[in-house]
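Subject: Structure handover

Hello,

Here is the structure we talked about. Please open it next to this email and follow along.

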Amino acid sequence: DDFTLLSRVRNKPYDVFGCWLNETHLISGNLHWIGNMTSCSVLWLNKAYQDIESENINVVKRLFQLQNLNASTIRTVMVADCSRHDTPDLLLGSEGQPCDPTPRVFDLGSDSEDEVCSRAKCRTESPGEVTVSSQDDGQREGNVFSNGEQPLMDEKQIEARVAELFLQAKKKPADMTLLSEQQTNPDKKYLIFTTGSLTYTPHQIGIKQILPQHMTTSGPVLGEERSSNEFFDALDYTIDVHGHIIGMGLSPDHRYLYVNSRAWPKGCIISDPMNPPPIAEEIDIHVFDLKTMREVTQTLRAHTAYTPNDECFFIFLDVSRDYVASGAEDRHGYIWDRHYNICLAKLQHEDVVNSVAFSPMDQEMLITASDDCTLKVWRSPRILRIVSNKPNRKKLSFFWLSKK
């Protein structure tokens, strides 16, 4: 009875989830289908306190308009604050550790560097033909439209080709200075979400800069003016995890992105976007440094999931200063040490553990939520020893290393 409704925000589909940009504005999404395989996701900035002032000033503004290919959609939106990067809680990956100097980061507009070069070459070809890119270079000749033969394609393939060509011609260019400008503009924020370009299951992480002019609802409701050739916004970066993403979480300093993923088979080729590859039962936690856009440390493993790829659901994870926690479908929650990448504890339930969360006041207290209709609060051995030494204290939580 003490709560007052401050605003209403449209968020569709539900698994966009939405997030706070700052203390006064939040981000939501809306999906518009253009065809059977193609859609448009519009991300909106919403003023949290709308009240009667909405009659006189804007309370919403369009941030970005992104095209989705092959039945994919944008999900799990979150914001990373780059101002925290220079004071990290923990630095992962030592300088002496060998690493690939080329980050695992790709421009969404291309599948590879070779494709970028081939597209540039296409611009010099005769106007009588248009080359459409393909994953298999051996099939490239079969994808040339000319006055002669044309390849036979079904309705879905035609729609995918047209959408890809339209996106190439009608999108606002990506900002390729994402990393270099971070040093001079530390107050920048990143909009992070799951997406995909090969199939409808989320297998890529999209990253888009949020500039200062984006962080207020003042100005036109539809955002900055666009030319006729800038109907869609391009992502600044995408990171491909080669698997089905089922959870994401930021470290407290917003420097590192932790991703729950179920891997695809190595070397698999997706020929039908509506039939994604099979996924592993083992869940991998990948860790990406948002300052360098590189994957760091070894993959964290221990937890498992069994739901097939067409029914896969989210397994939420959480990150504290020293620990990482995640749910799983094997009736356990898990805790890892961020420093040594080792699994510290398995937290037992009677059914799937969907979500976990550390206490914001004490990282040695964790809560797990399960399909067994229970919430369990867990404490570390150190905290349990302190509590047990105090008289007249009831046991209100479980021990991290308990055998129960």
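Start with a stretch to treat with care. Over residues 94–148, pLDDT stays under 50. The model has 72 contacts beyond four places in sequence for this stretch. Where pLDDT is low, the predicted coordinates should not be read in detail. This is a predicted model, after all. For the protein, the mean pLDDT is 78. Of its residues, 71% reach 70 or more.

Look at β1 and its partner β2 (residues 25–33): two bridges join them, in the antiparallel sense. Find Trp 20, whose bridge partner in β2 is Leu 26.

Another open sheet of four strands runs in the order β5-β9-β10-β12. Here too the pairing is antiparallel. At its edges stand β5 (75–81) and β12 (237–240). Both have a single partner strand, so one side of each lacks a neighbour in the sheet. On average, neighbouring strands of this sheet are turned by 20° against each other, direction ignored.

How many bridges join β9 to β10? Seven, between residues 189–195 and residues 204–210. These two strands run antiparallel. Ile 192 stands opposite Ile 207 in β10. As background, strands of a sheet pair through backbone hydrogen bonds, either parallel or antiparallel.

Follow the chain on from β10. Pro 212 sits in the loop between β10 and β11 (232–233). Is Pro 212 buried or exposed? It counts as exposed, because its relative accessibility is 54% and the cut-off is over 50%. The C-alpha atoms of Pro 212 and Lys 189 are separated by 8.8 Å. Along the chain, these two residues are 23 apart.

Next, the aromatic rings.

The count comes to six aromatic pairs. One of them is Phe 231 with Phe 232, which is edge-to-face. The centres are 4.8 Å apart, and the planes make an angle of 85°. Phe 231 is partly exposed, at 42% relative accessibility. Phe 232 is buried, with a relative accessible area of 1%.

Tyr 323 and Phe 358 form a stacked pair. The values are 6.4 Å centre to centre and 25° between the planes. Why does this pair tie together separate parts of the sequence? Tyr 323 lies in strand β19 (residues 323–326) and Phe 358 in strand β22 (residues 353–358), so the pair links parts that are 35 residues apart in sequence. Tyr 323 counts as buried, at 14% relative accessibility. Phe 358 is buried as well, at 9%.

There is also an aromatic cluster. It is formed by Phe 17, Phe 314 and Phe 316.

Last, the cysteines.

A disulfide is a covalent bond between the sulfur atoms of two cysteines.

Best wishes

Note on methods
Residues are numbered from 1 along each chain as its sequence is written. This is a predicted model: local features need pLDDT of at least 70, side-chain atom pairs count only at pLDDT 80 or more; totals for chains, interfaces and linings use all residues. Side-chain values use heavy atoms; hydrogens and water are left out. Two strands pair if DSSP finds at least two bridges between them. Axes are lines fitted to C-alpha atoms, for helices over the stretch in contact, and angles run from 0 to 180 degrees between N-to-C directions. Rings of Phe, Tyr and Trp (its six-membered ring) pair if their centres lie within 6.5 Å; planes under 30 degrees apart count as stacked, over 60 as edge-to-face and the rest as tilted. Buried means under 20% relative accessible area, exposed over 50%, partly exposed in between (1.4 Å probe, protein chains only). pLDDT is the predictor's confidence in each residue, from 0 to 100. Contact means heavy atoms within 4.5 Å.
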